[in-house]
Amino acid sequence: MHKYTVALFFNVITFNHVQIQVKRLVFSERTACYLPYEGFVMSLPPYYNHSPVFPNPLLCLKELIAYGASELHARLPWNGLGVWLEETWHSMSICVHMDWHIVLFPLLFFAGITGARVILNKILIRKIPIWCKLDKEGAAKFPDSVWKMLLYTLTFVWATYLVFFGEDQLFFDLRSHFNKWYPGDAPVAPAGVYWLYMFELGWYYHQAYAAICMDAFRKDTVLIMVHHFITIALLFFSFIIRFHNIGLFILFLQDFGDVTIELSKTVVYFKKRGGVHCRKTEIVANICFAVFTLQHIVFRLYWFPIKAIYSTMVVGLVDHPGGPFYIPFNIGLCVLYGMQVYWFKFILRLLFKLLVLGQEIQDARQLDEDEEFGCDESKEKDVATHPAKSKDPSNLRLRKIK
């Protein structure tokens, strides 16, 4: 087998208890990964063999910084950008597994999901607000939220079953995310994971299309589009290089948040029925928002970095030192995490208005800033006494009569 030696990335790297000694590395055309010779010594990071339900976040953050900084320094194109691009292209040519299925099946799911949404909206979903006598604003937004809630519930239940009852214990064993993976010789995705990927890609194609052509424009529509494109890129990239285990785990962490936020918004639309405010619905909306806030903290702000990113940035590096795609894959995950931190700012603002100012929960992402996080009672009173400040058509007619 033909092999050739590549440049050393470090002789000795020391970050507290982490010591990496590499005499030289060999690049194998068959495995397309850097294989350590004798003399390779690395102390195992925490949670390498078992990750509990609640790992120590400070310990994980310490390892993320140590491994990430050392590997980023090691992978900079010290020998020139041309050599780096050539090595990257060589890795891609060996690791990527492309066929027509990855193009055709997501497009079919996209067409099916879009068609099903149009048909169900016409025969059922748009009629529910009429039957329940929702106000105009709630009736307009209800179909979008209930459709997303149903689809995200399906994908979350699907991903949860595969994570906990599939071939590997992906939640507790972070090594299982990459332990069967070898470039050029990685196992294909099991049937359940394969079809979930095809469905998720089609679903996010639909999401990107609907954000432009079907849904009402919101303040964060541009950010949502960026989120959708990054998600599509990560799904597509992880599938063609057969990183499907870690991809499945990330889907499990992400989809539950979408279920709870859409459920919260759907309940909010039922606050006023027939022009009458329903107190019980308000209580249910508060409970749903509490569940949404808790899951966002646990799933997206806690588990996502210390399980998903920790797996790709630390645990995977131990099993596959020098493996390809380390930088682009982790950059994508870090950008995704940054968006989740940004969205948490809106949750905190809503909590402040709910708990401190005593305002009611409304749609968390509306176009108007004043309506985005709560119903301002003083504003309502002002509109009642000064109809000229209201955009309600009935008040405009009243002004004309006067």
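Modeller: Start with α8 and α9, whose crossing is left-handed (the near helix is turned anticlockwise from the far one by less than a right angle; clockwise would be right-handed). This is a predicted model, so local features need pLDDT of at least 70 and side-chain atom pairs pLDDT 80 or more, while totals for chains, interfaces and linings use all residues. Numbering runs from 1 along each chain as its sequence is written, and side-chain values use heavy atoms, with hydrogens and water left out.

The axes of α8 and helix α9 (residues 279–319) come within 8 Å and cross at roughly 165° (axes are lines fitted to C-alpha atoms over the stretch in contact, with angles from 0 to 180 degrees between N-to-C directions). That makes α8 roughly antiparallel to α9 (over 145 degrees; under 35 is roughly parallel, 65 to 115 roughly perpendicular, the rest oblique). The helices here are DSSP runs of H or I with at least four residues, strands are E runs of at least two, and both are numbered from the N terminus.

From α8, follow the rings. F252 sits in helix α8 (residues 244–268) and F171 in the loop between α5 and α6. Their ring centres are 6.4 Å apart and their planes stand at 90°, so this is an edge-to-face pair (centres within 6.5 Å, using the six-membered ring for Trp, and planes over 60 degrees apart; under 30 would be stacked, the rest tilted). Because F171 and F252 lie in parts 81 residues apart in sequence, the pair ties that loop to α8. F171 is buried, with a relative accessible area of 3% (buried is under 20%, exposed over 50%, partly exposed in between, with a 1.4 Å probe on protein chains only). F252 is buried with a value of 3% as well. Have a look over the ring of F171, too: the charged end of K307 sits there, 4.3 Å from the ring centre (the cut-offs are NZ of Lys or CZ of Arg within 6 Å of the centre and within 35 degrees of the ring normal).

F171 and F252 belong to one aromatic cluster, along with F54, F156, F164, F172, F249, F256, F299, Y302 and W303. Across the whole structure, the search turns up 34 aromatic pairs. Another of them joins Y152 and W203, with centres 5.3 Å apart and planes at 80°, so that pair is edge-to-face too. Y152 is in helix α5 (residues 136–165) and W203 in helix α6 (residues 191–213), so here the tie spans 51 residues of sequence. Y152 and W203 are both buried.

Now stay on α6 and bring in α7. These two pack at an angle of about 155°, with their axes 10 Å apart. That makes α6 roughly antiparallel to α7, and α6 passes α7 in a left-handed crossing. The α6 side of the meeting includes Y194, Y197, Y204, Y205 and A211, while α7 brings in T221, H227, H228, F236 and F239, among others (contact means heavy atoms within 4.5 Å). T221 lies in helix α7 and counts as buried at 10% relative accessibility. Between T221 and A211 there are 6.9 Å, C-alpha to C-alpha, with a separation of 10 residues in sequence.

R242 has a positive phi of about 65° although it is not a glycine. Most residues other than glycine have a negative phi. R242 counts as partly exposed, at 22% relative accessibility.

Back on α5, there's one more packing to check. The axes of helix α3 (residues 101–123) and α5 come within 11 Å and cross at roughly 135°. That makes α3 oblique to α5, and the contact is made by I113, A116, R117, L120 and N121 of α3 with P143, D144 and W147 of α5. The α3 and α5 crossing is right-handed.

Of the contacts with a separation of 6 or more, 74% are between residues 24 or more positions apart.
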